[in-house]
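Hi,

Here is the structure I promised to send over.

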Amino acid sequence: MCACVGLFIAAAGGLRAEDIHRAIHSSQACRFELLGAGKVIRVVDGRSVVLEDGREVRISGIEIPSASAPGELPSAPAKAALEAMVLGQLVELRGLQNVTDRYGRTVAFLLRQDGAIDVAGDLLARGHARVATQIGDAACAAELLSRERVARTSKLGLWSEPYYDVIEAHNAPQLLAARGRFSLVEGKVLSVRESGGTIYLNFGRRWSEALTVTISKRHERIFSGAGISPKRLESRTVRIRGWIEERNGPRIEASRPEQIEVAGLN
């Protein structure tokens, strides 16, 4: 794990059980507009359920391990946790707007209708999931990232496995080994460059030797509006989340500000 990880953790030496409980149940930041409701009759996997009316819902805000990717843990723990939370229960679907994914699933945050459980937040705080790349709301993103940090600090769930450690931005072999996988990467931005409508955050002198993060110029205003100006990240220590690709070296494309955490700002 990157030595700079401590810069992002509010508490050292682990967390008490009551801290974890508080992280799971405290905030209301992701309780958006009510989009619908229904009874869960089946849990498909750790982030998808089927409602009594036939709708399949993909839970917003989280990523869980793929069941089939080599080296990754089975998604069974997340699925079992989700079943315990919502199977047979009435749930509310909440979000900024009605959204479906390419598979026709409704994408929304799930809350138990009795108010007892915020599903995405619970899965994160128990270490069964990681925060996704697109949340759409700064306060909600901050809440979800906080819950993820609780689990990571306490080595809960997937965070107990070295496979899911945050990757050092200069560790090109490990980055390339994670191609096609959702990952968290940390390091100091060596330089920021712009070319052809793309902003490049370079973590090394050569693309082949370290991570490069690309941000479309048309998204720069979104990042700046969230207090993360890409061109001011030079020499800052950051954590990036997203899917690692290989394009003359390891890359992550960032399209949302919640993909980037800056040391000292979190």
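This is a predicted model: local features need pLDDT of at least 70, side-chain atom pairs count only at pLDDT 80 or more; totals for chains, interfaces and linings use all residues.

Helix α2 spans residues 76–86, and its buried residues are Ala 78, Ala 81, Leu 82, Met 85 and Val 86. They sit on the same side of α2, because they cover an arc of only 105° around the axis. As for what they pack against, the partners are strands β1 (33–45), β2 (48–51), β3 (56–59), β5 (90–95) and β6 (106–112), plus helix α3 (119–125). After α2 comes Gly 88, with a positive phi near 80°.

- Arg 241 pairs with Glu 148, with the closest N and O atoms 2.8 Å apart. This one links distant parts of the chain, 93 residues apart: Arg 241 is in strand β13 (237–246) and Glu 148 in helix α4 (138–153). Arg 241 is buried at 0% relative accessible area, and Glu 148 is buried at 0% too.
- Asp 122 bridges to Arg 126, the closest N and O atoms being 3.8 Å apart. Asp 122 counts as buried at 1%, while Arg 126 is partly exposed at 38%.
- Glu 209 pairs with Arg 206, again with 3.8 Å between the closest N and O atoms. Glu 209 is partly exposed at 41% and Arg 206 is exposed at 55%.

There is also a network: salt bridges with shared partners join Glu 148, Arg 149, Arg 152, Glu 186, Arg 239, Arg 241 and Glu 261.

Cheers

Conventions. Residues are numbered from 1 along each chain as its sequence is written. Side-chain values use heavy atoms; hydrogens and water are left out. Buried means under 20% relative accessible area, exposed over 50%, partly exposed in between (1.4 Å probe, protein chains only). Helices (H or I, at least four residues) and strands (E, at least two) are DSSP runs, numbered from the N terminus. The arc is that of the directions from the helix axis to the C-beta atoms. Contact means heavy atoms within 4.5 Å. A salt bridge is a side-chain nitrogen of Lys or Arg within 4 Å of a carboxyl oxygen of Asp or Glu.
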